Amino acid sequence: MSRADVLVPADWAEENLNSPGVVFVEVDEDTSAYDGGHIAGAVKLDWKTELQDSVIRDFVSKDKFEALLSAKGISNDDTVVLYGGNNNWFAAYAYWYFKLYGHDSVKLLDGGRKKWELDGRELSKDEVSRPATDYKAKDQDLSIRAFRDETIAAIGNKNLIDVRSPDEFSGKLLAPAHLPQEQSQRGGHIPTALNVPWSKAANEDGTFKSDDDLRKLYVDEAGLDTAKDTIAYCRIGERSSHTWFALHELLGEQNVKNYDGSWTEYGSLVGVPIEKGV
C-alpha cells in the first residue's frame with residue numbers, strides 16, 4: 001500500500017470534484033462546520049447522531065450503516081474521500097469506521113479542511129442531494145478494533161500508544177483543555193503505554209508528515225517495538241484513529257488496532273490498574 005492508495009492531495013481533490021464514482025464526505029468535531037461552507041458536492045456525516053448508536057455506546061449496526069450510506073447516496077463502488085476539521089480528527093475516525101465495515105475504496109484528503117482553507121480554495125453553502133443507493137456493508141473487521149479486555153491483557157505485552165496530550169496522559173486533565181473535564185472517573189494512563197500525542201504526526205498545514213518522519217517519531221523517539229502488536233487509544237477513539245491511520249495505512253504496520261473505548265471507558269473501570277505522571 002502506498003500513500004496514493006489512502007491519501008489524496010488538495011489539488012487532486014479540486015480536479016475531481018465532479019468525477020463519477022468519487023464522493024466527498026465531511027465529518028467534523030464541530031458538527032455545524034459543514035453548514036458554514038463545505039467542499040462543493042460533499043455530503044455530511046454527523047459523528048454524534050449518525051455514526052454513534054443513540055442507546056448503547058457503540059457504532060451503529062451493520063443494517064443501520066447500510067441504510068445511512070444508502071440515504072447519503074454512497075454506493076459500494078464509490079471512492080469515498082473523507083475530510084474534516086482539526087487535521088482530520090473525525091475524518092480519520094470515519095475512515096477507520098468505513099474500513100471496519102469493509103468499504104473498499106476510501107481515502108483521506110491530506111490536511112482536511114485546514115489545508116483546503118489555507119489554500120484559499122472555494123467552499124460552498126449549496127445543499128447537496130445525491131440519489132439513494134442500495135449500499136451493502138460487510139461484517140466488522142475486528143482485526144483493526146480493540147476492546148476492553150484485549151487492552152487490559154496488552155499491558156506489558158503489546159505496544160500501547162496513548163495519543164492524548166501530556167497533561168491528559170499524566171492525569172492532570174481528563175479531556176482536552178478546550179472540552180469539559182468530565183466523563184472518566186480517574187485521570188492517568190494505562191500502565192506501560194507510550195505517550196505520542198496524535199498531533200505530532202501532522203505538519204503545520206494539517207497534512208501528514210513523511211513516512212521517514214513518522215517512523216522516526218514512533219520508533220526512534222518513542223520506542224515503538226515493531227515486532228509487537230499495537231493498540232492506540234485516546235479519550236473516545238477519534239484522535240487514536242488518526243494515529244491508527246499513520247501507523248497502519250501510511251507506515252504499513254499490520255497488527256495495529258484502535259481501542260475506541262479509550263480513556264472514557266478505561267478510566268472508569270473498576271479494579272484495573274492505572275498510572276499517573278509522565
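Modeller: A pocket is an open set of grid points where a 1.4 Å probe fits, with protein on both sides within 12 Å along at least five of seven lines. The model here is predicted.

Colleague: How much space lies in the largest pocket?

Modeller: Rolling a probe the size of a water molecule over the atoms shows where empty space is left. In this model the largest pocket holds about 410 Å³.

Colleague: Which residues lie nearest the centre of the largest pocket?

Modeller: Q52, R57, D58, D260 and G261, out of 22 lining residues. Two or more lining residues come from each of α4 (85-100), β6 (145-146) and α10 (262-266). By type, the lining has nine nonpolar, five polar and eight charged residues.

Colleague: β6 is a strand. In what order do the strands of its sheet stand?

Modeller: Strands of a sheet pair through backbone hydrogen bonds, either parallel or antiparallel. Here five strands form an open sheet with parallel pairing, in the order β6-β10-β9-β7-β8. β6 and β8 (194-195) are at the edges with a single partner strand each, so one side of each has no neighbour in the sheet. Two bridges join β6 to β10 (residues 256-259), and R145 stands opposite N258 in β10.

Colleague: Which strands does α9 lie across?

Modeller: β7 (159-162), β9 (230-233) and β10; α9 runs at about 175° to β10.

Colleague: At what angle do α8 and α9 pack?

Modeller: Two packed helices are described by the angle between their axes and the distance between the axes. For α8 (residues 211-221) and α9 (residues 239-250), the angle is about 115° and the axes are 11 Å apart. D211, L214 and Y218 of α8 meet T243, A246, L247 and L250 of α9. The residues of this contact divide into five nonpolar, one polar and one charged.

How values were computed: Residues are numbered from 1 along each chain as its sequence is written. This is a predicted model: local features need pLDDT of at least 70, side-chain atom pairs count only at pLDDT 80 or more; totals for chains, interfaces and linings use all residues. Side-chain values use heavy atoms; hydrogens and water are left out. On a 1 Å grid over the protein atoms alone, a cavity is a set of points where a 1.4 Å probe fits but cannot get out, and a pocket is an open set with protein on both sides within 12 Å along at least five of seven lines; lining residues have an atom within 4 Å of a point. Grid points are joined across faces, edges and corners, and a volume is the space filled by probe spheres set on the points. Helices (H or I, at least four residues) and strands (E, at least two) are DSSP runs, numbered from the N terminus. Ala, Val, Leu, Ile, Met, Phe, Trp, Tyr, Cys and Pro count as nonpolar, Asp, Glu, Lys and Arg as charged, and the others, Gly among them, as polar. Axes are lines fitted to C-alpha atoms, for helices over the stretch in contact, and angles run from 0 to 180 degrees between N-to-C directions. Contact means heavy atoms within 4.5 Å. Two strands pair if DSSP finds at least two bridges between them.
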